[in-house]
Amino acid sequence: MENILHIQIFMISLNNPHFLPSSLTSPLPHLPHYSNSLSCYNVILPLIFLPFSSRVVKHCFSSSSLSIFMMGKVVKSFCFLVFFGVLVEGLNIWPMPNSVNYGHQIMYLSNDFALKTDGSKYNDASGILKDAFSRLLDVIEVDHVIDSNFSHFDPIAILHGIHVIVWSQSDELQYGVDESYKLSIPSHGTQVYAHIEAQTVYGVLHGLQTFSQLCRFNFTNRAIEVHQVPWYIIDQPRFFYRGLLIDTSRHYLPLPIIKNIIDSMTYAKLNVLHWHIVDTQSFPLEIPSFPKLWNGAYSISERYTMADAAEIVSYAQRRGISVLAEIDVPGHALSWGTGYPSLWPSKDCQQPLDVSKEFTFKVIDGILSDFSKTFKYRFVHLGGDEVNTSCWTETPRIRKWLRQHGLDTSGAYQYFVLRAQKIALSHGYEIINWEETFNDFGSKLSRKTVVHNWLGGGVAEKVVAAGLRCIVSNQDKWYLDHLDAPWEGFYMNEPLTNITNHQQQKLILGGEVCMWGEHIDASDIEQTIWPRAAAAAERLWSAYDNLAKDPSQVFGRLAHFRCLLNQRGVAAAPLVGPGRVAPEEPGSCYKQ
Ligand SMILES: *[C@@H]1O[C@H](CO)[C@@H](O)[C@H](O)[C@H]1NC(C)=O
Ligand SMILES: *[C@@H]1O[C@H](CO)[C@@H](O)[C@H](O)[C@H]1NC(C)=O
Ligand SMILES: *[C@@H]1O[C@H](CO)[C@@H](O)[C@H](O)[C@H]1NC(C)=O
Ligand SMILES: *[C@@H]1O[C@H](CO)[C@@H](O)[C@H](O)[C@H]1NC(C)=O
C-alpha cells in the first residue's frame with residue numbers, strides 16, 4: 001500500500017479570464033501530460049478549503065473530481081488551495097506564475113539532458129533558443145560537478161530533456177510580444193521530456209526560467225533533481241512593460257556589468273532595460289552624426305561605441321529584453337556642450353539646451369536618427385523632467401528670442417518638448433516623457449506619448465483619465481537609489497491603484513524600478529538592484545489575485561529567490577533591512 005500524498009496547488013488569475021485553466025470553462029480539466037502519472041496516487045485525505053473566492057474553490061472541486069476519475073483506486077483526493085506558497089514549503093517560484101499545479105514525485109535530469117523541438121514552427125535560425133537552453137543548463141548546475149552514477153536511478157524517473165513547441169516563426173521582439181507559456185513535467189515513463197509550449201520563443205525563455213527554478217542539485221546522489229512532479233504551469237505576464245532603469249551618466253557602467261544586469265533581469269522576468277545614457281555629468285555614447293558629443297565622457301575609456309550599444313541591444317534581445325534608450329532634453333543635458341559649446345545658453349549658464357538655436361534641434365535629430373538604426377524598441381525616452389529655465393532668461397540673446405516669439409519660459413519649455421517629440425515621431429518612434437511634461441501641458445502632448453510617472457502617487461490615474469498611456473515609477477516606492485525604501489514597499493506598489501475603469505487600466509503599460517547612478521557604479525550596482533527589483537518584478541508579472549496582500553507572506557519565497565541569485569553569481573543583498581545592507585550576522589542565506 002503506497003502512502004503518497006497528492007497535493008495540488010492552484011494559482012488562478014481571476015482578472016485574466018481568457019487565460020484561465022481550461023477546467024474553469026469545461027467540465028474536466030485538460031491535463032494532457034498527467035494521464036500517465038496519476039495512477040500511483042493512493043491517499044485518503046480530507047478536502048480542505050481556505051476562504052477564497054467561490055470560483056477558485058469550484059476549480060479545486062473540478063480538479064479533485066478529475067483525480068478521482070482518473071486514478072480509479074483513489075478514494076478521495078486532497079485538494080489544497082494555497083496562495084503565495086506560504087503554506088507549502090518548497091513552492092519557491094519567483095515571480096509566481098498564473099496557475100501552478102504540482103505533485104509529489106522526483107525526477108532526475110539525465111546527464112545528456114537535451115533540447116527537442118519536433119513539431120515546432122520556429123526554426124531558431126538565430127540560435128536564441130539553443131543559446132537559452134545552454135544557459136539554462138549553466139544556471140541549473142550552478143557550477144556543481146554532476147558526477148552521479150545514473151545506473152543507480154530508476155530509468156523511468158529520468159527526465160531526458162525539454163520538448164519545446166513554438167507556434168510563431170518570428171523572433172521579432174517588440175512591445176506587446178506574446179510572452180505566455182505552458183510548462184509541464186510528467187512524473188515518469190519512458191523517454192520522458194518536460195514540455196514547454198509558447199506562441200513565441202520569448203514565452204519559451206520565460207518557461208525555461210521557471211523550469212530552472214524547479215531544479216536543484218542533490219548533494220547525496222550528485223544529480224539535478226526536479227521535485228514535486230508532475231508539474232503543470234500556465235503563465236503569462238500581467239503587464240507588457242516591466243522595466244529597470246540604469247544610469248550610465250552619473251557613473252560609467254562597463255559593458256560586462258550591463259550584460260550581467262541583463263542576465264539577472266531574466267531571472268525575475270523583467271523585460272525592458274531603460275538605458276538613461278546621458279545626463280548633466282557625462283555623455284558616454286558615440287553619436288556618429290555628431291562625433292564630438294562623446295567628448296563629454298568622463299574619460300577616453302568611459303565610453304560606448306554605437307557598435308557597443310548595438311551589441312547590448314542584441315544581447316538583451318536574445319534574452320527577451322528590449323532596450324529603451326533615453327536622451328533627456330532640454331534639462332539634464334549639460335554634458336552635450338563639452339563637444340558643442342553652442343548648445344549651452346552661455347559659457348557660464350550651461351543648461352537647459354539652448355531653445356533658441358536651430359542647431360539644438362539638428363543635434364537631437366542626428367541623435368534620434370542614429371538611435372533609430374540601433375534601438376529598435378517602439379519607444380524612445382525623451383526625458384523632459386526637472387527643467388530649470390533660468391539660463392534662458394538670464395542669457396540676453398535667448399531672452400530676446402523668447403520675446404520675439406512671444407514665449408514665456410513655460411511656453412518655451414513646451415515648445416522644446418513638443419518639437420523634440422515631432423523629431424522622434426519622424427524617426428518612427430513613439431515617445432516616453434517624464435511626468436512634468438504631462439503635469440505642465442498634458443493636453444498638448446502627442447497622443448503617442450507615454451507619460452512616465454516618478455514624482456509620487458496619484459499621477460497614473462490622471463494620465464489615463466486624459467487618455468494617455470502611463471508607466472509607473474513613483475520614487476517613494478520604486479527608486480532603488482532610495483536605500484531606505486524597503487522591499488515590502490517595492491512589493492506592494494500597485495500600478496493600478498485608484499484606476500477601476502477597464503479601458504483606463506489598459507493604458508497602464510506597466511512599471512519600472514529605477515537605479516539612478518549618483519552613488520552607484522560597478523562596485524555596488526547589483527546589490528542595490530537586487531533583491532528589491534525582484535519584489536517589483538512579481539507585482540508586474542503575477543496575476544493580481546496571486547499577489548500577497550501582506551508582504552510578510554512572501555518573505556520566505558523572496559529570500560529563496562535572493563539565495564538563488566547569489567548561487568548564480570548575482571550579488572543580491574540580504575532582504576532583512578533596507579536596500580543594499582550587508583548581512584547582520586552569521587546565518588543561512590535563506591533566513592536573511
Ligand atoms: C555505477 O554503479 C554501477 C552499479 O552500482 C557500478 O557497477 C558502476 O561501476 C558504477 N559506475 C561508476 C562510474 O562508478
Ligand atoms: C538526495 O538524494 C538522496 C538519495 O537519493 C535522498 O535520500 C535525499 O532525500 C535527497 N535529498 C533531498 C534534499 O532531496
Ligand atoms: C536654476 O538655475 C539657476 C542658475 O543656474 C540657479 O541659480 C537656481 O538656483 C536654479 N533653481 C533651482 C530651483 O534649482
Ligand atoms: C488613491 O485615492 C485615494 C482617495 O482619493 C487617495 O487618498 C490616495 O492617495 C490615492 N492613492 C494613490 C497612490 O494615488
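The model is predicted. The protein has 18 helices and 14 strands. Of its 592 residues, 50% are buried.

**Overall make-up**

- Helices number 18 in the protein, and strands number 14.
- Among contacts with a separation of 6 or more, 75% join residues 24 or more positions apart.
- Buried residues account for 50% of the 592 residues.

**Helices H2 and H3**

- Two packed helices are described by the angle between their axes and the distance between those axes.
- H2 spans residues 128–141, and H3 spans residues 201–214.
- Their axes lie 10 Å apart, at an angle of about 10°.
- H2 and H3 are therefore roughly parallel to each other, because angles under 35 degrees count as roughly parallel.
- H2 brings Ile-128, Leu-129, Ala-132, Phe-133, Leu-136, Val-139 and Ile-140 to the contact.
- H3 meets them with Val-201, Val-204, Leu-205, Leu-208, Phe-211 and Ser-212.
- By class, this contact of H2 with H3 holds 12 nonpolar residues, one polar residue and no charged residues.

**Helices H4 and H5**

- H4 covers residues 255–267, and H5 covers residues 306–317.
- The two pack at an angle of about 20°, with 10 Å between their axes.
- H4 is therefore roughly parallel to H5.
- The crossing of H4 past H5 is right-handed.
- On the H4 side, the contact residues are Leu-255, Ile-258, Lys-259 and Ile-262.
- On the H5 side, they are Asp-308, Ile-312, Tyr-315 and Ala-316.
- The contact of H4 with H5 divides into six nonpolar, no polar and two charged residues.
- Lys-259 in H4 and Asp-308 in H5 are among the contact residues, and Lys and Asp both count as charged.

**Shell around ligand 3**

- Cys-349, Asn-388, Ser-390 and Cys-391 surround ligand 3.
- This shell has two nonpolar, two polar and no charged residues.
- Cys counts as nonpolar here, and the shell includes Cys-349 and Cys-391.

**Shell around ligand 4**

- Ligand 4 has Gly-457, Gly-458, Thr-497 and Asn-498 around it.
- Four polar residues make up this shell, with no nonpolar and no charged residues.
- Gly is classed as polar, and Gly-457 and Gly-458 are among the residues around ligand 4.

Methods. Residues are numbered from 1 along each chain as its sequence is written. Chains are lettered from A and ligands numbered from 1 in the order in which they are written. This is a predicted model: local features need pLDDT of at least 70, side-chain atom pairs count only at pLDDT 80 or more; totals for chains, interfaces and linings use all residues. A residue is near a molecule or strand if its C-beta atom, placed from the backbone, lies within 6 Å of it. Axes are lines fitted to C-alpha atoms, for helices over the stretch in contact, and angles run from 0 to 180 degrees between N-to-C directions. Helices (H or I, at least four residues) and strands (E, at least two) are DSSP runs, numbered from the N terminus. Angles under 35 degrees count as roughly parallel, over 145 as roughly antiparallel, 65 to 115 as roughly perpendicular and the rest as oblique. A crossing is left-handed if the near helix is turned anticlockwise from the far one by less than a right angle, and right-handed if clockwise. Two residues are in contact if their C-beta atoms, placed from the backbone, lie within 7 Å. A residue is buried if 20 or more other C-beta atoms lie within 10 Å of its own, exposed if 12 or fewer, and partly exposed in between; C-beta atoms are placed from the backbone.
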